[in-house]
Amino acid sequence: MYNMKKISLILLTLLFLGTLDYLTKERNDYPGAELINREGLMNHVDYLTSPELNGRLSGSEGYNKAAEYAADQIIKFGLKTVNDDYYQYLNVEYNEIKEPLEFGLIEDGTIIKEYQIGKDFVCRGFTGSGNFNAEAVFCGYGISAPELGYDDYADIDVKDKVVIAFKYNPKWKLESGNWPTGYPRQKAHFAASHGAKGILFVSLPNDAAPQKTIGSILCGDGDQLVDFPQLHISIETADELLSSRNLTLSQLQTIIDSTKHPQSVSTVSKVNLNINASYDKEGVTMNVVGLLEGSDENLKDEYVVIGAHLDHVGRQGEIYFPGANDNASGSAAVLELAKAFSKNKSEIKRSIIFVLFASEELGLYGAKHFVANSPVPKENIVAMMNLDCIGHGDSIRLGNGKSAPKLWDLAIDIDHSTNNMTVDNTWSGGGADASPFHNAGIPALYFVTTNSYTHLHYMTDTAETLNQDLFEKITRLAYMTSYEVAKGNYQREIVIK
Ligand SMILES: [Zn+2]
């Protein structure tokens, strides 16, 4: 009995040590980890956020330059093409917002105040063009759903006027039916169908931390209104327009939310709009894809995908959104991982696909395209690592752990034996570019920092705001985790939806 116990204890210990092999490693036991450093990462970020790249909007020349840069790096590291081309092309809606971009307050037919782009207002990514003066009319949430018993346009005339509407939907819902999506494009269509000439979106003033004017191209489905300007104005600007009626935006939101009834009202104020954009329904953009072949005859037909979105929300005349954290940081990490792996491939049994996705900001189009047109059999993709917003904040969060718990455990164990910088909470369902992979049954891990979104989609998302130490550590964690997976120390698990 005693001996049996002893033997099984020894066996258990051996088993335990075996499975925990990677736990005992120090960071430098992962060949190549030391090649990943803040200087290399920041070099990429500095270029990707430079004015020359104009905020990397998919479809623009600036994005193309970013893609060319990424492809050049991948070629330099000796990576191969997957389908005879480092680019994987796709079509996306593209809207170029050009000068002049003017928005002003009118009194007696003349402009008495010019609002400042980037501070008082920004254009919505899919703004149309227009040059006119018009009265501004407040129309609550900008929802027209008479069939549900709620219509912000019911008792107000907006013909040839400009609508002010909350950017988001209310936090409450009426009982019946399908509530409108709340996407800007749908709200713009509601306004246009009532005869308005443009729309000024505004954040909810009663939120704990109301959103400032942000660069955003997320607009929802529908046709483009090419002659219909769409701005996002500051709460202060909306209040200035409402001041002629002795009203504030906050008062109006309070009334609507407490009564669940529209409170539309003309501001009496007149504004001038001169907005210029040119729209292309079939803009051309591309993912950048490179392959590092695995060294094992059998396992090289299995793949680890390491991806990040390269695009951001572009330029509007004199201002642009640099997107250092979102997502020059993740893009830089993918390039540094490609470098480190390309110089340390002897233990890498599975193949690794490095991919920079286009058009995440419009709705994950690059990642969706990659999965729908996967250059390798999807069932052979063992895991996907997504790096998005990893340069600003305090610590490391590994997302999608509830859907791929074994992959998550692997990364957490590596972190615990090295930097110990991860937080416990995670989520399920993929998230951003990990979602199309998750939806296809591919286990995904989403690398992100905590408190990452301070500057999200603001002009202040600059290289100077990045936490370089954290940026280096999370990138190394992504490397070490990918290293274990590529080495074969992880079997594809069934994702939990
Ligand atoms: Zn973004």
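Helix axes are taken here as lines fitted to C-alpha atoms over the stretch in contact, with angles running from 0 to 180 degrees between N-to-C directions. In the predicted model, the axes of helix H7 (residues 324-342) and helix H12 (residues 468-487) come within 10 Å and cross at roughly 50 degrees. H7 is therefore oblique to H12. The crossing by which H7 passes H12 is right-handed.

The contact between these two helices draws on residues from each of them. On the side of H7, Ser329, Ala333, Glu336, Leu337 and Ala340 take part; their counterparts in H12 are Phe471, Thr475, Ala478, Tyr479 and Ser482. Classified by residue type, the contact of H7 with H12 comprises six nonpolar, three polar and one charged residues.

At the level of domains, the assignment for the chain gives domain 1, made up of residues 25-80 + 293-487, and domain 2, covering residues 95-278. The centres of domain 1 and domain 2, taken over C-alpha atoms, are separated by 36 Å. Domain 1 provides 13 residues to the contact between the domains, and domain 2 provides 16 residues. On the side of domain 1 that touches domain 2, helix H8 (residues 360-363) gives the most, with three residues. By class, this side of domain 1 contains six nonpolar, five polar and two charged residues.

Terms used. Residues are numbered from 1 along each chain as its sequence is written. This is a predicted model: local features need pLDDT of at least 70, side-chain atom pairs count only at pLDDT 80 or more; totals for chains, interfaces and linings use all residues. Helices (H or I, at least four residues) and strands (E, at least two) are DSSP runs, numbered from the N terminus. Angles under 35 degrees count as roughly parallel, over 145 as roughly antiparallel, 65 to 115 as roughly perpendicular and the rest as oblique. A crossing is left-handed if the near helix is turned anticlockwise from the far one by less than a right angle, and right-handed if clockwise. Two residues are in contact if their C-beta atoms, placed from the backbone, lie within 7 Å. Ala, Val, Leu, Ile, Met, Phe, Trp, Tyr, Cys and Pro count as nonpolar, Asp, Glu, Lys and Arg as charged, and the others, Gly among them, as polar. Domain bounds come from an automatic or database domain assignment.
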